[in-house]
Amino acid sequence: MEHKRLKLYAYLDARDHQRTYLAIMRLFTSTLLADLSAGEVAGALAGLEREGRVEQGESRIENVINRLKQLVEWGNLVQGRREVVAASIAEFQHGSVRYQVSKLAVRVQRDVDELLRVPEGAREVSRELLPAIERGLNELGGSLSVALLNEGDKTKELLAERVTTLFLQHAELAATVRDFYAYLGQVVTRNHLAPDEIAGFRNLLVEYIQRVVEDVLKYTPPIAEALAGFTKARGELLRLLGTDLGHNVERARGRTPEDWQELTDWFVDRPGRPSQVTALREATARAIGSLLASVKRATSGGGLLPGRRAELLKLASWFDNSSREEAHEIYAAAFGLYSARHLSPAPEHDSDNERTPWRDGPVCDVTVSVRSRGDRGARGRPSRILDDPMTEQSLLAEAREADEIRARHVAELTKAAGNLENASLTHGALEVFCELLTLAMAQRDSPHDSGSASDPVRGLKLEIAHGTTTQIRSAAGTLTLHDATVALKQ
């Protein structure tokens, strides 16, 4: 199923006629319920061919039929038929076979057009949606109370409206945050930044990111509190929103428990699963650290020779403003690479073929030494691996001692498994117990779930489930677990 769906993207990277495929898919997705024949598609391509947006001859009916059949094979289009009045057999064949776009192909083309319209700069984070989400959750609580008292059509429609609006607002907020931090990670990891770029990124990090993080941290507690209030009433909410549309119908967001869990996980931490708010705070700290490192490199002046960044940018501008013939001459003059004459059979190519021009080939990374000093030579030699038998034996002895200590602690827990509450554990045995307890509790999504963890070497297994209060005594004190029953098994 995955391989079949991935073929929907094949026309975007087709070896030939890529622009024609893209133009055909845009034609089918430009209107609702598009139902076109090969002749109608050929007429639309004729105008694009005159404008130079597709290659010459692509609007011929035989070429159009081949392109449409290929898109049907990839799964982007589906065939249908319709009664037509035709003057010849060829006209009947061209007019009776109709083509419609598939549902998944519409999504692919919509994402492609949106991607092509996205600018290269940072995307503004929709911070104003945070108070809107908070208000939406509070209003949703009131609407749910009214709907439970009076389960009428109007109250259900108002409830569905508030749920849909809430999840659309959160989806937009999450998308803008992901895009903004993706751009941020792209620019702060660069090795060389111009002074004006450093000033711009400094304002971006110190001022804009500070406002974003402050707003997120400000509104996260009330949003988390409101989501916690919906935990018990979530079943009633989904029941009121439920509509029997079949299993193959894609429901709107907010109609399944998984949607609400995903919304909750964005704002609320769980054991072993940090929230997106926590990830945002950590990403901000890493970005500021990377910027400080870039500023230090730019202002230290520790390089032996001036940086070559300005020269490389100037060379890139020459390529950008030159024609095809001039670009080949500049490339040959700058890098000393001229056309080759093969007196023997052509060698095997790793990534591209012999018909791919260098400007369309794979991009080569410029190393730091070339970028900063213009030096292509290798620096230094790899260090020798020294043989230190004394250190090796010392490390092995430490590892054996640590393994023996852990074995004694696991054996102590195994001995106390039958009467855990009355046993008094040593400090080391308590550490092993807490380690297994942490791993077992990380598997629980709620206090009513169960979890388990085991020692991978000696097989001691700890199981935790919802139950009465459990007390574990040790030399360091008493560990009390409320509403939890713990059992050890060998």
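**Exercise 1. Salt bridges across the chain**

Find how many salt bridges a search of the whole structure returns, and work out which parts of the sequence the pair arginine 26 and aspartate 113 ties together.

Solution. The search of the whole structure gives 19 salt bridges, a salt bridge being a side-chain nitrogen of Lys or Arg within 4 Å of a carboxyl oxygen of Asp or Glu. In one of the pairs, the side chains of arginine 26 and aspartate 113 meet with an N to O distance of 3.1 Å. Because arginine 26 lies in helix α2 (residues 18-29) and aspartate 113 in helix α6, this pair ties together parts that are 87 residues apart in sequence; helices here are DSSP runs of H or I with at least four residues, strands are runs of E with at least two, and both are numbered from the N terminus. As for cover, arginine 26 is partly exposed, with a relative accessible area of 33%, whereas aspartate 113 is buried at 18%, where buried means under 20% relative accessible area, exposed over 50%, and partly exposed in between, computed with a 1.4 Å probe and the protein chains only.

The model is a predicted one, in which local features need pLDDT of at least 70 and side-chain atom pairs count only at pLDDT 80 or more, while totals for chains, interfaces and linings use all residues. Residues are numbered from 1 along each chain as its sequence is written, and side-chain values use heavy atoms, with hydrogens and water left out.

**Exercise 2. Further charged pairs**

Describe the salt bridge between aspartate 265 and arginine 270 and the one between lysine 461 and glutamate 463, and state the cover of each partner.

Solution. The side chains of aspartate 265 and arginine 270 meet at 3.1 Å, N to O; aspartate 265 is partly exposed at 23% relative accessibility, and arginine 270 is buried at 14%. For lysine 461 and glutamate 463, the closest N and O atoms are 3.5 Å apart, with lysine 461 partly exposed at 33% and glutamate 463 partly exposed at 25%. A network of salt bridges also links Asp35, Glu40 and Arg98.

**Exercise 3. The nonpolar cores**

Identify the residues with the most contacts inside the largest nonpolar core, and list the elements that give two or more residues to this core.

Solution. A nonpolar core is a set of buried Ala, Val, Leu, Ile, Met, Phe, Trp, Tyr and Cys residues joined through side-chain atoms within 4.5 Å. The largest such core has 44 residues, and those with the most contacts inside it are Leu137, Leu159, Leu173, Tyr181, Ile223, Trp260 and Phe267. Two or more residues come to this core from each of α7 (129-149), α8 (153-188), α9 (195-241), α10 (257-267) and α11 (276-300). A second, separate core of 29 residues includes Leu8, Phe28, Leu48 and Leu71. Taking phenylalanine 267 and leaving aside its neighbours within four places in sequence, one finds it in contact with Leu130, His170, Thr220, Ile223, Leu227, Ser275 and Val277, contact meaning heavy atoms within 4.5 Å.

**Exercise 4. A strand pair**

Determine how many bridges join strand β6 to β9, and which residues form the covered face of β9.

Solution. Strand β6 (residues 461-465) and β9 run antiparallel and are joined by five bridges, two strands being paired if DSSP finds at least two bridges between them. In strand β9 (residues 485-489), Val486 and Leu488 form the covered face, while Thr485, Ala487 and Lys489 form the uncovered one. Leucine 462 stands opposite leucine 488 of β9.

**Exercise 5. The whole chain**

State how many helices and strands the protein has, and what percentage of its residues count as buried.

Solution. The protein has 16 helices and nine strands, and 32% of its 490 residues count as buried. Among contacts between residues at least 6 apart in sequence, 60% join residues at least 24 apart.
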